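Keep to the fold, the contact between chains and the ligand site.

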Amino acid sequence: MSARKRPGGVSPLWQIRTAIDPRHYWVLALCGLVAPLLGWSLASSLDGVDKVFLPGPADVLTRMWTWASEDGLPADVAISTWRVVAGWALSAAIALPLGLFIGSYRSVQALLEPLTDFIRYMPAVAFIPLVMLWVGIEEGSKIAIIFIGTFFQMVLMVAEDVRRVPLAQIEAAQTMGASRGEILERVIVPSAKPALLDTLRVTMGWAWTYLVVAELVAANSGLGYAVLKAQRFLQTDKIFAGILLIGLIGLVIDQGFRLAHRKAFPYLAGRH
Amino acid sequence: MTASIQIRDAFKTFGHGPRAIQALDKASLDIRPNEFVTFVGASGCGKSTLLRMIGGLESLTSGSITVNGQPIAGPGVDRAMVFQHYSLYPWLTVADNIRFCRQLKAHTRDRTSADVEKASGRADALIRLMGLSHVAHAYPNQLSGGMQQRVAIARALMSRPPILLMDEPFGALDAQTREVMHDLIRHVHRIEGSTIVFVTHDVEEAIYLGQRIVLMAPRPGRIDTLYDVPLPAERHQDMKLAPEFLALKRQILDRIRETSGMKTDLEQLARLSAEAAELEA
Ligand SMILES: Nc1ncnc2c1ncn2[C@@H]1O[C@H](COP(=O)(O)OP(=O)(O)OP(=O)(O)O)[C@@H](O)[C@H]1O
Ligand SMILES: [Mg+2]
């Protein structure tokens, strides 16, 4: 079916910010995913390309299979997911209330925001020796690294979400006699909720990217550790498998958050 | 329920030092119980500032504002406010937006079951009065701008405020919707007995709604002239064509032009376009 054309004869595919046919959307999305896969398999099957240098998709799939059946993949996935979720949840538990206060009270903002802004530019990897010194090399240290990687960004994002609550919503409540506590509870929090859930989703993505860094610390399990070990033994196919799996789990969680967002905030539907 | 407002030498500067902006210069005004006062004036003359000071959302640099003789200290349930936009709660349905104040401690103290019943009756009555019955369970962003402002007004009226403060509440609405809203707000004024202070850019709106018009002038923001509106209490749209209406409109527009210090220099414009034409030739 040919796409409807606007005056001027340009197809909607090339109109700025114009909705396109859902079928076209899916075809393009599929192309965007399949093309690199084809390119990869083509490149790896070229003569003279060493499997250690670039394994093909089939090699990676086979490796995933043996990893799953003989090498304890489910356990690796479970422990890595636990570390990521624990570090991220710990961040959220502190960042949400703290960000709420930074975003609501200028005094708290003045006290804490400059410091947070400063620390967030410090590289999480560089904290590893300190974490080992202070937290040890047990489970706690991996969670601590993920916490350091996500927490400071998260606080600032939460504060920004809270500051975006329209002043008129707050002032309307004030003129109806709401106390400060009631404004926080009944206006600011519900108003910022959709943005907060988005912040949680985005920071969950970042927490996954810190996994490999976290498992640099004396780990003997987990996806990140498996990638690091595979590197030592030049098991390039396993490196690929590990990276793809981390990406895949991240994607699934991200989609879960998006679904929750649609279900939790039906009143946002159809708004632009 | 109704209330009077006394404004004495209300003075307001924003900021400090050399960069301070003087928003309002010693304004004094008495507003009678159940009066409908409209504020007009050029942009930046301090209309919103004065209204927000009455609402307790802005502090005074000096001077005083009292309600029934009581100095105001911050926002209070006796002074409801309707904003131009973005003040509704998008996560609540229309009915829940209107009932919002019922959840607040300020309104639930010493509450008996009879009060609760009366309140839910009032919410229903307001929904009907504002013509919102068919959208009572919709969310605000499913509504047109005009409908949203009806919800905002109903919400402000819910607690029977003696004073209703409105800052360009119909500024974003089209002309037809505005006319409907004008008659609606006049009806509310009559049956509720509230004192209404209404800020607008639109002189016609100011005359049609108000019993008295306060003209403000900029640089520094101040009260310039007061006009009594020579129209009967009962109004209808035809009056906008009455000679006394048009005469007052002209008088006010002229005064706004004089005080705003802004005018289109037609000669200058003509010279510029002549030069442009020469360049092209
Ligand atoms: N929060 C603020 N900080 C600094 N200056 C302000 C603030 N609010 C208002 N002003 C200044 O005070 C003056 C009066 O502003 P105000 O908003 O009361 O005018 P207004 O008559 O409502 O104008 P408009 O018709 O454009 O709404 C303006 O010069 C404005 O820039
Ligand atoms: Mg204004």
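This is a predicted model: local features need pLDDT of at least 70, side-chain atom pairs count only at pLDDT 80 or more; totals for chains, interfaces and linings use all residues.

Residues are numbered from 1 along each chain as its sequence is written, while chains are lettered from A and ligands numbered from 1 in the order in which they are written.

**Chain B overall**

Chain B has nine helices and ten strands. These are DSSP runs, numbered from the N terminus: helices are H or I with at least four residues, strands are E with at least two. The C-alpha trace of chain B spans about 80 × 45 × 40 Å along its principal axes. Of its 281 residues, 37% count as buried. Buried means that 20 or more other C-beta atoms lie within 10 Å of the residue's own; exposed means 12 or fewer, and partly exposed is in between, with C-beta atoms placed from the backbone. Among contacts in chain B with a separation of 6 or more, 71% join residues 24 or more positions apart. A contact requires C-beta atoms, placed from the backbone, within 7 Å.

**The sheet**

Six strands of chain B form an open sheet in the order β6-β7-β8-β3-β9-β10, with mixed pairing. Strands pair if DSSP finds at least two bridges between them. The edge strands are β6 and β10 (222-228) of chain B, each pairing on one side only. From one strand to the next, the twist averages 20 degrees. Axes here are lines fitted to C-alpha atoms, for helices over the stretch in contact, and angles run from 0 to 180 degrees between N-to-C directions.

Within chain B, β3 (residues 36-41) and β9 (residues 212-217) pair in the parallel sense over five bridges. B:Phe39 stands opposite B:Val214 in β9(B).

Most residues other than glycine have a negative phi, and most peptide bonds are trans.

| Residue | Phi | Place |

B:Lys26 is partly exposed, with 15 other C-beta atoms within 10 Å. B:Arg219 is also partly exposed, with 14. A cis peptide bond joins B:Arg219 and B:Pro220, with omega about -15 degrees. B:Pro220 lies in the loop between β9 and β10 of chain B.

**Around ligand 1**

Which residues come nearest to ligand 1? They are B:Phe14, B:Ala23, B:Ser43, B:Ser48 and B:Thr49, out of 13 residues around the ligand. A residue is near a molecule or strand if its C-beta atom, placed from the backbone, lies within 6 Å of it. In chain B, β2 (21-31) and α1 (47-55) each supply at least two residues of the shell. The largest share, three residues, comes from α1(B). By class, the shell has four nonpolar, eight polar and one charged residue. Nonpolar covers Ala, Val, Leu, Ile, Met, Phe, Trp, Tyr, Cys and Pro; charged covers Asp, Glu, Lys and Arg; the others, Gly among them, are polar.

**The contact between chains**

The contact takes 24 residues from chain B and 16 residues from chain A. On the chain B side, the elements giving two or more residues are β6 (79-82) and α3 (105-108). That side has 15 nonpolar, seven polar and two charged residues.

Terms used:
Two residues are in contact if their C-beta atoms, placed from the backbone, lie within 7 Å.
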